[in-house]
Amino acid sequence: MASSDGTVPRIEPCGKRIRTYLGGLAVADTTRALLVWERPRHPVHYFPTADVRTDLLTPTDRVSSRPLLGTARVFDLTANGRTAEHAVRQYPDAPAGALRDHLRFDWAAMDAWYEEDEQVFTHARSPYTRIDILASSRTVRVELDGTLLAFSRSPRLLFETGLPTRYYLAPTDLVLPLFEPGTRTTHCPYKGAADHLSVRLGDTLHPNIAWTYPTPFAESQKIAGLVAFYDDRITLHLD
């Protein structure tokens, strides 16, 4: 359903049951969602209007225009006393006719999203993103301001479509006295929830410089408990 001349976004049927919640209420529930690539990196779910609690929508005077989509009608969404302002859009004159009777929800404005009965975080999953986690005998050395933070001869290399290679190291490969719990938790739709680690060098704290997935999703179990670093914040030496 993608346009060869770039006049409409890439559109595909999702095939999964997709639900989104606000105020503890399922405000949209469908097995007929469309995946729409508004941007190249990952898709967005569009729900058929018939599968949305449209009685919870309030039209606004806001106008929103997007390339390849046209001008949107924008709605507030209220459920069980909670209001998500400007959280829902419809493109009634979209160049792609398939979208005209569909509604788009702002991911971050919702309380939760589900694919079938599994919660999904951060953004919709792309069927074209692949994760490979491979054992390696390459030597990896991690330094910060000339101080050794980690050294490994048995890293796990994680290859994710469209992203840089990540090098996951065992906690025993770290210079553990330099590390302390971080203050940040992030989510990946393919790997799960990541806790962060900070590094203290003398009187200087380098916050949230590395991360670990204590209980990743089943498909990413090979990196459970391992530690990876933000490449732009450390010096990474590879054999």
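I take a pocket to be an open set of grid points with protein on both sides within 12 Å along at least five of seven lines. The model I looked at is predicted.

**Second largest pocket.** I looked up its volume and found about 220 Å³ of space. Its lining has 18 residues, and I noted the ones closest to the centre: His42, Pro43, Val44, Arg104 and Trp107. I then checked which strands contribute, and β4 (34-37), β5 (44-48) and β9 (102-105) each give at least two lining residues. By class I have nine nonpolar, four polar and five charged residues here.

**Largest pocket.** I read off a volume of about 420 Å³. The lining counts 22 residues, with Leu163, His187, Cys188, Lys191 and Tyr213 closest to the centre. At least two lining residues come from each of β15 (156-160), β16, β17 (179-188) and β18 (192-201). I noted that β17 supplies the largest share, four residues. Sorted by class, this lining has eleven nonpolar, six polar and five charged residues.

**Cavity.** I searched the whole structure for cavities of 30 Å³ or more and got one. The volume of the largest cavity is about 50 Å³. I listed its lining as Val140, Val142, Arg166, Tyr167, Leu169, Ala228, Phe229, Asp231 and Leu236. The elements giving two or more residues to this lining are β13 (140-144), β16 (166-168) and β20 (227-229). I counted seven nonpolar and two charged residues in the lining of the largest cavity, and no polar ones.

Methods: Residues numbered from 1 in each chain as written. Predicted model: local features only at pLDDT ≥ 70, side-chain atom pairs only at ≥ 80, totals over all residues. Heavy atoms only, no water. 1 Å grid on protein atoms, 1.4 Å probe; cavity = no way out; pocket = protein on both sides within 12 Å on 5 of 7 lines; lining within 4 Å. Points joined across faces, edges and corners; volume = space filled by probe spheres on them. Nonpolar A, V, L, I, M, F, W, Y, C, P; charged D, E, K, R; others polar.
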